[in-house]
Amino acid sequence: MHISEGVLAGPVLFSGMALAVAGVSIGIKKLDFDHLAQAGILSAAFFVASLVHVPIGPSSVHLILNGIIGLLLGWAAFPSIMVALLLQGIIFQFGGITTLGVNTVIMALPAVICYYLFAPLINKKPSIAMPAAFACGFLAVFMSALLVGASLYFSEKSFFEVATLVVTAHLPVMLIEGIITVFCISFIRKVSPEMLPGKK
Amino acid sequence: MRSWQLIIVTIMIILFSLAGPVAAHKVMVFAWVNGNTVHTESKFSGGRKVKAGEIEVFGPKGQLLLGGKTNDQGEFSFPIPQSTALKIVLTAGMGHRGKWIISKDEIINASSTNATSPAIENATGEKMTSAAGAKNTVIRPPATETTLSTDEIQQVVEKALDRKLEPIYRMLAEAREHKPTIADVVGGIGYIIGLVGLAAYLHARRQQK
């Protein structure tokens, strides 16, 4: 999901950058001291997660984790993800510097949307919370795939074609992310429920 | 509970193996010159070959010279279109794109030996094979060697060198790929910890005031 440099049209890059800057500044405003360490750790997790290729079968796959990052951080997902993407761009040459804004929006906007959709449900009883966690992980990747399709709209032909391609290609990742999010949330609920949104 | 976990793990393994081109973060294209031909090889960062990726070759002013698609091995070859620097751009769909630049020197070095006269090239090619064959059997009288002009000898040598060096060109091209190392990963995490520390410090200062 890292869009390379030189693919996107200028207006897309600029509006991506503007949106990312807006998101990051809201995120920094909303990030209080208590969640600072958490944001750092999740940023590091995101940084490493897209690096660890799990080679199973003929190909390999990696996690994105933006659902769970959004769920735990809310708006602070923006700065966390942007820092991780910046470091990935500098150190591994994934994505790029000019596309940093667009890539940040692609990953972080779904994270924030998932926060608003699912944060109220995650402290409910398990029969509600677990499907919500799954949907959170699933939908975060789904929306990211849609955003990839949307940002490629200007350089490739039809939005529908590109979006279908990206979404179907990411279908396995969506299911995996859903399952991983369920595991993480059920673990956090047992070990330190105060980490979850809405419980202080 | 056990069997339930087993089912989940199995499903995940199946899903992992289904995952297609998503896995790639970036695509890379390598190119090297051999004789009159430019060879390119394209692959994703995981090492998979790019099949049917679009290759476009640009001149120094950004004008499109030629284009084509990679084969199943991720390879695409084309004759040198002009003696200038070439920019080779690979587009592999879903926002993946890679590029490689061949310098003018590389092209000129390669083409000057071949472009002079194709007739001589063919002739020397034949001579070279016969010379190679002769080396294994009998030592030729030195008289036949002297019939080669300096030009021809130069061409024979360069052609042989090209052939011998091709795997080395390829290795060098591939070695330029930067694979993430443990040091990179630890360094990146270090940066993040540093940023958290910086934010905590700023926060503490603000509270003191």
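A nonpolar core is a set of buried Ala, Val, Leu, Ile, Met, Phe, Trp, Tyr and Cys residues joined through C-beta atoms within 7 Å. In this predicted model, the largest such core has 66 residues, and A:I69, A:A77, A:I81, A:A108 and A:A111 are those with the most contacts inside it. At least two residues of this core come from each of α1, α2 (36–49), α3 (66–73), α4, α5 (100–118), α6 (126–152) and α7 (159–191) of chain A. Helix α6(A) gives the largest share, 14 residues. Apart from this core lies another, of 20 residues, including B:V27, B:M28, B:I80 and B:I88.

Leaving aside neighbours within four places in sequence, A:I81 is in contact with A:F46, A:N66, A:I69, A:T104, A:M107, A:A108 and A:A111.

Turning to helix packing, the axes of α1 (residues 10–30) and α4 (residues 77–92) of chain A cross at roughly 120° and come within 7 Å, which makes α1(A) oblique to α4(A). On the α1(A) side, the contact involves A:A20, A:G23, A:V24, A:I26, A:G27 and A:I28, which meet A:A77, A:F78, A:P79 and A:M82 in α4(A). Eight of the residues in this contact are nonpolar and two are polar, with no charged ones.

Chain B contains an open sheet of three strands, ordered β1-β2-β5, with antiparallel pairing. Strands β1 (27–34) and β5 (75–79) of chain B stand at the edges with a single partner strand each, so one side of each is left without a neighbour in the sheet. On average, neighbouring strands are turned by 20° against each other, direction ignored. Strand β2 (residues 37–44) of chain B pairs with β5(B) over five bridges, and B:E41 stands opposite B:E75 in β5(B).

Technical notes:
Residues are numbered from 1 along each chain as its sequence is written. Chains are lettered from A and ligands numbered from 1 in the order in which they are written. This is a predicted model: local features need pLDDT of at least 70, side-chain atom pairs count only at pLDDT 80 or more; totals for chains, interfaces and linings use all residues. Two strands pair if DSSP finds at least two bridges between them. Helices (H or I, at least four residues) and strands (E, at least two) are DSSP runs, numbered from the N terminus. Axes are lines fitted to C-alpha atoms, for helices over the stretch in contact, and angles run from 0 to 180 degrees between N-to-C directions. Angles under 35 degrees count as roughly parallel, over 145 as roughly antiparallel, 65 to 115 as roughly perpendicular and the rest as oblique. Two residues are in contact if their C-beta atoms, placed from the backbone, lie within 7 Å. Ala, Val, Leu, Ile, Met, Phe, Trp, Tyr, Cys and Pro count as nonpolar, Asp, Glu, Lys and Arg as charged, and the others, Gly among them, as polar. A residue is buried if 20 or more other C-beta atoms lie within 10 Å of its own, exposed if 12 or fewer, and partly exposed in between; C-beta atoms are placed from the backbone.
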